[in-house]
Amino acid sequence: MGRETIAIDARELRKIQLLQLDILKQVDRICRKHGIKYTLCGGSLLGAIRHGGFIPWDDDIDVSMLREDYERFLKICGRELDKRKYFVQTVDTDPGYRWIYGKIILKGTVYVRKGQESIKSRNGIFIDIFPRDGKFDNFVIGYIQSKCAFLLRKILYSPVGAEQSKDVKARKIFRILSKIKKKDALKLLALIQFLNFGKKTKMVRCWGLMGTGEKKKYELRAKRYERYKEEHWLDLPEQEKAKRKEGLLRCFFTEVTDVPFENMTVMITAHYDEWLRFTFDDYWKLPPKSKRIMHQEASAYSLGKYEEYAEKLLEEDGREHDGKA
C-alpha cells in the first residue's frame, strides 16, 4: 500500500525553491573560483530564459557539466563545501544511492519522492548535478553505449520498479534485476566510458537519463512518436535530428554565458536557444493551466531547522503566493 502524498502548496514550494537557490549559490561560487564551466539544464534552463528564474511550478534545479569538470567539482566540494550544512551525494558517498549523477543535499531537511521509499539513501532538499560523458561517433559503438546505459538505469531503478510498475511482467523483471549488486551494475558505466577510447567525442550524454528523443518515444509510444517526428522534425537539419535522439554537442558545455536567475547570476549554455528548441519545441509558449503543476510528489517532507530561515527568505522574496502550486 502506497504512502500518503504530502500536499505542497505554492507558498511551501517557494520556500523549497529559495533553499535550493542557496545551494545553487554555493555551486556557482565554487565553479567560478576554480574555472569550472556549468550550465543550467532542463526546466531550470527554460526557467532562466522564459521566467528569469524558476518556472513558478517547478520544484528542482538541474545543473550539468562535462565529466572532467564534474569530477573536479566533486573533489573541490569535498574540501570547500560546508560539511555541517551540505552533503554531496553520489554512488560513492552514499551506499544506498542508486543514480549515476550527483546531488547536493541540504542537511537537516527531509524530502522523499513518492514511490521511491524503497531506496534507502539520504534525502532532503537538493539540487541535481548531471555529468555528461562522451557518446562515440561510430554508430555501432554509440549503440552499444546507449544499450548499456539503458540496462544500467533499469538495474539501478529496479527496487522502485519492482514495487511501483503498473505492469505485472515489468515488476517481475525488475525483481530479477534488483538482485544485481550496485557495484556490479556500475561496471556498465565503466564500459560506456571506456568505449570512448580516451577521445573527446563531439556528442555528449548524461547516461543516467534518457535522451530527449528517447524520452519522447517513451512518453508517446512508438507509433505516435513516429507521427510526432513527421510533424515536428520535418524541416530540421540532419545534425539536429541526430542530437534530438543521441545527445548534445560538447560545445553546449564549453561555451557558456551569464544570465540572471532570481537574485543571482548563473551560467547557461551559449547555445540555449537551440537546446530549448529541440527539447521543448516552442519554448516561449506556456503550457495550459492544467499542466502548471509540480512534476514530483513527496511522501515525506520537512524543512526541519531551516523552517524559520525559509520563512525569512520568503518575506524578503517579494513574489506573491496564492497557496496553489
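Let's start at Arg-84, which counts as exposed at 70% relative accessibility, where exposed means over 50% relative accessible area, buried under 20% and partly exposed in between (1.4 Å probe, protein chains only). This is a predicted model, in which local features need pLDDT of at least 70 and side-chain atom pairs count only at pLDDT 80 or more, while totals for chains, interfaces and linings use all residues. Residues are numbered from 1 along each chain as its sequence is written, and side-chain values use heavy atoms, with hydrogens and water left out.

**Salt bridges**

- A salt bridge here is a side-chain nitrogen of Lys or Arg within 4 Å of a carboxyl oxygen of Asp or Glu, and the count comes to 18 salt bridges.
- Arg-84 pairs with Asp-82 in one of them (3.1 Å, N to O); Asp-82 is partly exposed, with a relative accessible area of 30%.
- Asp-60 and Arg-113 form another, at 3.6 Å from N to O. Asp-60 sits in the loop between helix H2 (42-50) and E2, and Arg-113 in strand E5 (residues 110-113), so this pair ties together parts that are 53 residues apart in sequence.
- Both Asp-60 and Arg-113 are buried.
- There is also a network of salt bridges linking Arg-11, Glu-12, Lys-15, Glu-307 and Glu-311.

**Helix H3**

- Helices (H or I, at least four residues) and strands (E, at least two) are DSSP runs, numbered from the N terminus.
- The 14 residues of H3 (residues 67-80) should span 20 Å at 1.5 Å a residue, and the end C-alpha atoms are 20 Å apart, which agrees; the expected span is 1.5 Å times one less than the number of residues.
- Within H3, Glu-71 and Arg-67 lie four residues apart, about one turn of the helix, and their side chains meet in a salt bridge (2.8 Å, N to O).
- Arg-67 is buried at 15% relative accessible area, whereas Glu-71 is partly exposed at 34%.
- The buried residues of H3, among them Tyr-70, Phe-73 and Ile-76, pack against elements including helix H1 (10-33), strand E4 (102-106) and helix H7 (187-194).

**Helices H4 and H7**

- The axes of H4 (residues 139-164) and H7 come within 9 Å and cross at roughly 160°; H4 and H7 are therefore roughly antiparallel to each other, a label for angles over 145 degrees.
- Gln-145, Cys-148 and Leu-152 are among the H4 residues that meet H7, where the partners include Leu-188 and Ile-192; contact means heavy atoms within 4.5 Å.

Methods
Axes fitted to C-alpha atoms, helices over the stretch in contact; angles between N-to-C directions. Parallel < 35°, antiparallel > 145°, perpendicular 65-115°, else oblique.
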